[in-house]
Amino acid sequence: MKSHFENIRVQRYIVRVAILLFILKMVAWYLTQSVAILTDGLESIVNVVSGFVGLYSLRLAAIPRDRSHPYGHGKIEFISAGIEGALISAAGIFIIYEAARSFFVPPTLAKLDMGIIIISISAVINYGFGLWAVRTGRKNNSLALQASGKHLQSDTYTTLGIIIGLLLLQYTGYMWLDGVVAIIFALLIIYTGYKILRSAIAGIMDESDEKLLSEMVACLQKHRDKNWIDLHNLRIIKYGSVLHIDCHITLPWYFTVKQGHDETDKLEALILDQFGSRIELNIHTDYCHDFSCPLCTIEDCEVRKSPYQKQIEWTVENVVSKEKHRM
């Protein structure tokens with residue numbers, strides 16, 4: 001898929017930028033001997049490692065499904081995002097440790113102006129590439145790429161915190177400010193890592209995406225055909241950027257195989273039109289029973305057993321249920 005190659009291209013740039021920024025921050029630390037800048041530089045090691053992990057996962061996810069992996073390789077993106085989330089949180093904890101240690105062993109600083117300029121440049125580059133990665137990841141539904149982008153953005157917040165701390169330290173002489181600001185931004189980093197890790201675990205465990213379910217059910221309800229008596233047992237499973245959807249649709253029992261196939265084609269076309277080609281559908285057809293008659297809106301049905309009463313509106317609750325709808 002074209003989106004897979006775009007994701008890989010963006011991730012390649014992220015890896016190169018991570019290596020470049022790590023070198024820049026190490027230069028800034030060498031010039032200033034600032035523990036805060038060293039902390040920021042050490043966190044960049046996490047960026048480099050996670051960048052390579054993300055690149056590997058995207059390449060693996062782009063491999064077409066095969067006999068060993070009939071649903072594709074997209075699950076690797078969740079594992080990659082989980083590793084990144086854990087590394088981000090670990091970096092935040094390490095920053096808190098270094099900041100707390102600086103309260104007891106204040107560093108001897110030099111050439112702060114040069115150090116601030118260098119890490120300010122790195123912050124701008126980080127945020128720009130992070131924003132690009134997040135937007136591309138959302139467009140292509142790649143959790144791994146979004147995680148990489150959020151990682152770069154969280155690194156930017158760390159750098160900003162360190163810049164603020166160094167500026168305040170430079171103008172006030174209060175050494176403890178460096179540590180306080182670093183701890184505040186480290187907590188923000190830990191929270192970002194937790195959210196990424198939480199999303200990754202949800203994907204691995206096939207947790208329902210309530211927002212996506214609601215959007216899909218609302219779309220199907222809005223465009224439902226009179227022959228679609230009910231829709232039930234709807235399930236959505238994410239494999240990286242690909243969505244696998246299973247559902248059962250109840251059709252009139254007297255439909256021929258061709259008529260039933262035409263109806264499932266209409267349902268499939270509707271979903272693909274609204275949610276894109278990243279979807280793989282498996283639609284099972286059920287035939288209606290006598291208890292379906294009060295719900296059926298087909299006016300010229302010649303085998304109706306009871307009069308029409310009302311149409312049950314499709315909701316997430318009754319569409320995900322395994323049971324056919326009834327009054």
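**Aromatic and nonpolar features of a predicted model**

Helix 3 (76-104) and helix 6 (176-204) each supply at least two residues of the nonpolar patch; helices here are DSSP runs (H or I, at least four residues), numbered from the N terminus. This is a predicted model, in which local features need pLDDT of at least 70 and side-chain atom pairs count only at pLDDT 80 or more, while totals for chains, interfaces and linings use all residues. Residues are numbered from 1 along each chain as its sequence is written, and side-chain values use heavy atoms, with hydrogens and water left out.

Colleague: Why is F103 called partly exposed?

Modeller: Its relative accessible area is 36%. Buried means under 20%, exposed over 50%, and partly exposed in between (1.4 Å probe, protein chains only), so F103 counts as partly exposed. F103 lies in helix 3.

Colleague: Why is I190 called partly exposed?

Modeller: I190, in helix 6, has a relative accessible area of 22% and is therefore partly exposed.

Colleague: What makes F94 and Y97 an aromatic pair that is tilted?

Modeller: The whole structure holds 5 aromatic pairs. For F94 and Y97 the centres are 6.4 Å apart, with 35° between the planes. Rings of Phe, Tyr and Trp (its six-membered ring) pair if their centres lie within 6.5 Å; planes under 30 degrees apart count as stacked, over 60 as edge-to-face and the rest as tilted, so the name applies to F94 and Y97.

Colleague: Where do F94 and Y97 lie?

Modeller: Both are in helix 3, 3 residues apart, about one turn of the helix.
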